[in-house]
Amino acid sequence: MLKISSGDYVPDGCGGVRTLSGSEALLQRVLYRLTARRGGLVFLPQLGSRLYTLGSAKPDQRRGLARQYVAEALEEEKGLSITD
């Protein structure tokens, strides 16, 4: 997996791009899924989360909704190993 930082690929200093594997790759995938807006990518409408909508929820409902949105966003990560 290619490393991304601030929306750009990270150079490896040798004219290429830095790659990730193992737990670093898993962390990048999880962070991407949580920060991308669900429905924002036309060809991958299920990618991302609805965490950005929490501001419009009632304060007493936010914790439950946050848990639901995180579970929804990470559903595809279930069953994948760190090396995938």
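Predicted model: local features only at pLDDT ≥ 70, side-chain atom pairs only at ≥ 80, totals over all residues.

What percentage of the contacts in the protein with a separation of 6 or more is accounted for by residues 24 or more positions apart? The answer is 31%.

Let me turn to the overall architecture. The protein contains 2 helices and 2 strands, and from the N terminus on the order of these elements is β-β-α-α. The radius of gyration is 15 Å, whereas the globule rule gives 12 Å for 84 residues; the protein is therefore more spread out than a compact globule. Along the principal axes, the C-alpha atoms occupy a box of roughly 50 × 25 × 25 Å.

Next, the surface. Of the 84 residues, 21% are buried. The protein exposes about 6200 Å², and 57% of that area comes from carbon and sulfur atoms.

The largest pocket has a volume of about 210 Å³. Its lining is made up of 13 residues, and those closest to the centre are I4, Q28, R29, Y32 and R33. Which elements each supply at least two residues of this lining? They are β1, residues 4-5, and α1, residues 22-35. The greatest contribution is that of α1, with 6 residues. Sorted by class, the lining of the largest pocket holds 5 nonpolar, 5 polar and 3 charged residues.

That concludes my presentation, and I thank you for your attention.

Technical notes. Residues numbered from 1 in each chain as written. Heavy atoms only, no water. 1 Å grid on protein atoms, 1.4 Å probe; cavity = no way out; pocket = protein on both sides within 12 Å on 5 of 7 lines; lining within 4 Å. Points joined across faces, edges and corners; volume = space filled by probe spheres on them. Helix = DSSP H or I, 4+ residues; strand = E, 2+ residues; numbered from the N terminus. Nonpolar A, V, L, I, M, F, W, Y, C, P; charged D, E, K, R; others polar. Rg over C-alpha atoms; globule rule 2.2 N^0.38 Å. Buried < 20%, exposed > 50% of the residue type's maximum accessible area, 1.4 Å probe, protein only. Contact = heavy atoms within 4.5 Å. Areas by Shrake-Rupley, 256 points an atom, 1.4 Å probe, with all protein chains shown as cover.
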